[in-house]
Amino acid sequence: MTVLQDIIAGVREDLDARMAVVSLAEIQERARAAAPAIDAFAALGGNESVRDDLKVISEVKRRSPSKGDLAGIADPAALARQYSDGGASVISVLTEERRFGGSLADLDAVRAAVGIPVLRKDFTCDPYMIWEARAHGADLVLLIVAALTDEELREYLALTHELGMNAVVETHTAEEIARAVAIDARIIGINVRNLKTLDVDRGVFAALSGTIPAGPVVVAESGVRDADDVTHYALHGANAILVGEALVTDATPLERITEFKAAGALAISSR
């Protein structure tokens with residue numbers, strides 16, 4: 001069993017427990033009653049004819065399978081406000097509990113604290129989770145190509161759009177990028193972390209980003225340690241970066257986001 005399969009097995013068990021308490025019909029009712037989703041595609045520069053700056057998706061992340069405990073984050077809302085004040089375009093909130101220490105309560109706290117789009121970062125494996133994300137105020141969900149069939153990808157992306165949301169469609173290989181492009185994904189992430197070994201290879205982004213046609217927002221995921229990494233991704237076509245560990249372990253995340261955005265804009269101007 002791969003790391004991804006093991007994580008999803010746990011996600012399904014936890015999902016079954018939540019569905020036993022809140023039915024699909026009830027979560028759908030809550031989702032329909034929620035405030036309209038914020039346009040995350042636009043927030044990430046998707047509607048801009050010229051994308052001349054680098055957007056930052058800042059993550060609320062306590063733990064990871066590769067690094068273990070990262071940060072306690074007693075007040076996710078306060079951290080999210082720092083991210084927003086620093087210029088983040090989207091806040092990503094881990095809601096997977098077993099490996100990442102997240103929760104839907106974190107999502108609720110962040111949604112109430114900021115006025116920018118919020119991504120529910122989890123291992124979406126059932127339509128219920130998309131309705132659930134919307135019910136808790138999320139504007140985006142994560143769809144991992146490696147975890148879903150083509151039929152599921154199409155179904156889940158269609159439901160996401162039906163609910164007024166967007167999805168970050170995460171890829172790791174050229175074949176997965178082709179699958180994401182085939183379903184007309186508007187936001188395509190390239191995660192440079194190997195799902196089998198959890199190793200990070202930043203060169204993967206440079207090798208794959210050129211295979212994405214013009215149109216989708218291209219997000220570089222994983223491996224951002226400093227401004228040099230940001231520059232590398234921006235030079236090779238990233239429109240946005242998703243950063244977790246480097247921010248939650250930094251005493252001044254607001255300043256770090258400002259630094260990352262400046263490095264990205266400079267790199268993009270020299271492309």
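Buried here means under 20% relative accessible area and exposed means over 50%, with partly exposed in between (1.4 Å probe, protein chains only). The model is predicted, so local features need pLDDT of at least 70 and side-chain atom pairs count only at pLDDT 80 or more, while totals for chains, interfaces and linings use all residues. Residues are numbered from 1 along each chain as its sequence is written, and side-chain values use heavy atoms, with hydrogens and water left out.

Helix α7 takes in residues 150-162; helices (H or I, at least four residues) and strands (E, at least two) are DSSP runs, numbered from the N terminus. On one face, L153, Y156, L157, L159 and T160 of α7 are buried. These residues cover an arc of only 160° around the axis, which puts them on the same side of α7; the arc is taken from the directions from the helix axis to the C-beta atoms. Over on the other side, E151 and E162 are exposed. The buried set packs against α6 (127-135), β6 (140-144), β7 (166-171) and α8 (174-182), contact being heavy atoms within 4.5 Å. Just past the end of α7, G164 has a positive phi of about 80°.

Elsewhere, helix α4 (residues 76-86) meets helix α12 (residues 253-269), their axes coming within 8 Å and crossing at roughly 35°. Those axes are lines fitted to C-alpha atoms, for helices over the stretch in contact, with angles running from 0 to 180 degrees between N-to-C directions. From α4, the contact draws on L79, Q82, Y83, D85 and G86, and from α12 on P253, L254, I257, T258 and K261.

Methods: Expected span 1.5 Å × (residues − 1).
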